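Trainee: I have a new model open and would like to learn how to read it. Could you walk me through it, feature by feature?

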Amino acid sequence: MTNKKNSSQTSNDLIAQARRDKEEREKGYRERALKLYPWVCGRCTREFDLKTVRELTVHHKDHNHDNNPNDGSNWELLCLYCHDNEHSRYEEQMRYGSSTGGVKENHSAATHSPFANLKSLLSNKNA
Ligand SMILES: [Zn+2]
Ligand SMILES: [Zn+2]
């Protein structure tokens with residue numbers, strides 16, 4: 001029986017195929033983006049030419065690499081440095097969350113209020 005061997009070979013092929021597909025897709029959108037947009041970093045406005053264009057990268061605005069609309073609306077050309085920067089900012093946002101919807105710290109509900117007695121003292125004095 002060679003069924004087992006065949007099936008593992010098939011899944012290896014599938015993985016290799018998937019990897020090839022992914023590489024081709026990535027190459028595809030990069031080329032499309034480079035045709036669509038001027039070779040300028042969207043952040044630092046550094047300009048690129050045929051010699052330096054490999055330092056220009058395609059960033060996905062929604063960070064979803066599978067979202068590649070034909071009009072290029074999800075792409076942004078960024079130099080390596082600005083691209084790196086963009087991603088570390090995004091990761092920070094993911095890690096620490098935005099200001100909305102988080103658990104609010106409730107300092108005002110502290111059990112001890114230093115002014116509780118002051119008010120009664122004042123009203124006693126006025127009385
Ligand atoms: Zn840049
Ligand atoms: Zn990116």
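Trainee: Let me begin with T45. Where is T45 found?

Mentor: T45 sits in the loop between α1 and β1. Keep in mind as we go that this is a predicted model.

Trainee: Is T45 buried or exposed?

Mentor: The way to judge this is to count C-beta neighbours. T45 counts as exposed because it has 9 of them inside 10 Å, and 12 or fewer is the cut-off for that label.

Trainee: And what should I look for in its backbone?

Mentor: Look at phi. Most residues other than glycine have a negative phi. H63 belongs to the loop between β1 and β2, and with 13 other C-beta atoms within 10 Å it is partly exposed. For a glycine, see G97, which takes a positive phi of about 75° just after α2.

Trainee: How many helices and strands does the chain have, and in what order do they run?

Mentor: The chain holds 3 helices and 2 strands. Reading from the N terminus, the order is α-β-β-α-α.

Trainee: How do the two strands pair?

Mentor: To read a pairing, ask about direction and bridges. β1 and β2 pair in the antiparallel sense over 5 bridges. One example is T57, whose bridge partner in β2 is L78.

Trainee: Why is β2 described as largely enclosed?

Mentor: Burial is the reason: 4 of the 5 residues of β2 are buried, so the rest of the structure largely encloses this strand. Across the chain, 9% of the 127 residues count as buried.

Trainee: Which residues make up the largest nonpolar core?

Mentor: That core has 10 residues, among them Y29, A33, L56, V58, W75 and L77. Two or more residues each come from α1, β1 and β2, and β2 gives the largest share, 4 residues. For a close-up, pick L77: leaving out residues up to four places away in sequence, it touches A33, Y37, W39, V40, C41, G42, L56 and V58.

Trainee: Where is confidence lowest, and where is it highest?

Mentor: Check pLDDT. Its mean is 82 for the chain, and 70% of the residues reach 70 or more. Helix α3 has the lowest confidence, at a mean of 64, while β2 has the highest, at 98. Over residues 101-106, pLDDT stays under 50, and the model has 1 contact beyond four places in sequence for them.

Note on methods:
Residues are numbered from 1 along each chain as its sequence is written. Chains are lettered from A and ligands numbered from 1 in the order in which they are written. This is a predicted model: local features need pLDDT of at least 70, side-chain atom pairs count only at pLDDT 80 or more; totals for chains, interfaces and linings use all residues. A nonpolar core is a set of buried Ala, Val, Leu, Ile, Met, Phe, Trp, Tyr and Cys residues joined through C-beta atoms within 7 Å. A residue is buried if 20 or more other C-beta atoms lie within 10 Å of its own, exposed if 12 or fewer, and partly exposed in between; C-beta atoms are placed from the backbone. Two residues are in contact if their C-beta atoms, placed from the backbone, lie within 7 Å. pLDDT is the predictor's confidence in each residue, from 0 to 100. Two strands pair if DSSP finds at least two bridges between them.
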